[in-house]
Amino acid sequence: MEPIAYSVPTSAEQAVSELMSEAGACYVAGGTSLFDLMKLRVERPSRLIDITRIGYDAISTSGSELRIGANATMSNVAENPTIARDYPILTEALLKGASQQLRNMATVGANLLQRTRCSYFRHGAGAIASAGSIYPCNKREPGSGCAAIGGLDRTQAVLGVSGACTAVSPGDWPVALTALDARINIFGPNGRRDLPVSGLYRLPGNTPHLEFDLKRGELITEIIIPKTASGLHSTYHKVRDRESYAFALASAAVALELNGWKIEHAHVALGGVATRPWRAPETEQFLIGKTIRRETALEAARLAFVNAQPGRHNGFKVELGIRTLADALMIASERTRTV
Ligand SMILES: Cc1cc2nc3c(=O)[nH]c(=O)nc-3n(C[C@H](O)[C@H](O)[C@H](O)COP(=O)(O)OP(=O)(O)OC[C@H]3O[C@@H](n4cnc5c(N)ncnc54)[C@H](O)[C@@H]3O)c2cc1C
């Protein structure tokens with residue numbers, strides 16, 4: 001039994017100060033991700049700082065930007081009627097993530113920081129040490145190796161992989177936010193700063209244990225999404241092993257600015273296939289000026305996978321990813337405002 005201290009600060013300032021005064025402390029929001037990892041002994045904090053009473057849970061849809069407090073639950077954001085009307089891409093990404101019970105607890109800020117579901121990362125720690133089957137994982141234990149490379153890699157990434165790590169970035173919501181050029185506001189020991197959501201995620205390279213561009217003590221306080229016409233012609237399309245709820249095998253977030261049927265601007269990001277939420281600039285560029293038809297959508301989607309590096313068992317993700325993206329482009333282009 002390891003004792004774990006617990007505190008409930010009532011302001012961001014207090015939360016940051018508490019975190020900075022104890023080396024083993026960490027923040028907890030809904031706990032749906034962290035508690036799992038604690039049970040698996042991947043995470044072993046000495047203190048949990050519950051940040052759900054510090055505020056930052058408001059949703060503002062007026063003004064020139066959409067602003068969502070990091071502590072808003074996934075359910076509350078998914079149920080917001082203005083977001084559902086103007087940003088189907090966001091509502092769909094949330095509703096296709098986790099289950100209703102999990103979404104009632106989980107916050108949209110913490111969702112950005114969930115760790116990979118790679119089973120070698122999750123199930124190789126002390127929990128099964130007695131069985132003598134600890135798997136090496138560079139993300140969990142830098143320098144130990146990667147059991148997924150050459151191992152059971154069916155769900156691993158095909159884009160952004162390195163010789164040290166092929167773990168998939170698991171979230172759906174961050175993929176939609178990446179497509180929409182969203183940014184986050186961060187409060188920490190050195191004050192406030194803004195960061196594009198795309199800048200939060202690092203490629204694994206030789207340091208897969210360094211996943212996020214956050215400094216110790218920094219809290220995500222708000223998510224800010226620019227308002228553009230493209231929100232209306234948007235979708236988050238997700239393919240998974242089990243439709244009721246499961247992590248993505250492949251997903252695509254698409255938002256199109258259309259003039260008639262012609263694409264003026266395309267926002268495209270991929271999930272389930274890459275080591276971080278994956279923007280697809282080649283696809284976006286190709287689509288400008290095009291009228292979307294199935295063949296055009298497939299051609300555009302193939303461009304996103306030109307540099308794919310599949311392993312032994314996940315080659316199917318290349319074709320699946322292409323078709324998922326092509327389907328998403330078709331859905332988004334046919335979608336118009338209905339309310
Ligand atoms: C069975 C299951 C299925 C799931 N399926 C999906 C899925 O299909 N798609 C998907 O996207 N997600 C899925 N999830 C993940 C779920 O969405 C996350 O567990 C959830 O979003 C995390 O939110 P939380 O508030 O519970 O995070 P917590 O567990 O409280 O925190 C997660 C991490 O974020 C840190 N943290 C929390 N808030 C902040 C903050 N504001 N600033 C800085 N650090 C912070 C914590 O320290 C911790 O490290 C699933 C989870 C489970 C258990």
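A polar contact is a pair of N or O atoms within 3.5 Å. The model is predicted.

**Ligand shell**
- The ligand is surrounded by 30 residues.
- The closest of them are Tyr 27, Ala 29, Thr 32, Leu 34 and Asp 172.
- By class, the shell holds 16 nonpolar, nine polar and five charged residues.
- Four elements each give the shell at least two residues: β2 (25–28), α2 (34–39), α7 (108–111) and β8 (219–226).
- Domain 1 (5–52) and domain 2 (229–336) each contribute at least three shell residues.

**Polar contacts and cover**
- Gln 114 uses its side chain, where an N or O atom is 3.2 Å from a nitrogen atom of the ligand.
- On its own, the ligand has 970 Å² of accessible area, and the protein covers 92% of that area.

**Gly 30 in the fold**
- Gly 30 sits in the loop between β2 and α2.
- Its relative accessibility is 14%. The cut-off for buried is under 20%, so Gly 30 counts as buried.
- Lys 262 is 232 residues from Gly 30 in sequence. The C-alpha atoms of Gly 30 and Lys 262 are 43 Å apart in space.

**The five-stranded sheet**
- Five strands form an open sheet in the order β4-β5-β8-β6-β7. The pairing is antiparallel.
- β4 (59–60) and β7 (191–196) are the edge strands. Each has a single partner strand, so one side of each has no neighbour in the sheet.
- β8 belongs to this sheet, and β8 also supplies at least two residues of the ligand shell.
- β6 (residues 183–188) pairs with β7 over six bridges, in the antiparallel sense.
- Ile 184 has Leu 195 of β7 as its bridge partner.

**Domains**
- The domain assignment gives domain 1 (5–52) and domain 2 (229–336).
- The C-alpha centres of domain 1 and domain 2 are 36 Å apart.
- Both domain 1 and domain 2 supply residues to the shell around the ligand.

How values were computed
Residues numbered from 1 in each chain as written. Predicted model: local features only at pLDDT ≥ 70, side-chain atom pairs only at ≥ 80, totals over all residues. Heavy atoms only, no water. Near = heavy atom within 4 Å. Polar contact = N/O pair within 3.5 Å; in protein donor to acceptor, adjacent residues only side chain to side chain. Areas by Shrake-Rupley, 256 points an atom, 1.4 Å probe, with all protein chains shown as cover. Nonpolar A, V, L, I, M, F, W, Y, C, P; charged D, E, K, R; others polar. Domains from an automatic or database assignment. Pairing = 2+ DSSP bridges. Buried < 20%, exposed > 50% of the residue type's maximum accessible area, 1.4 Å probe, protein only.
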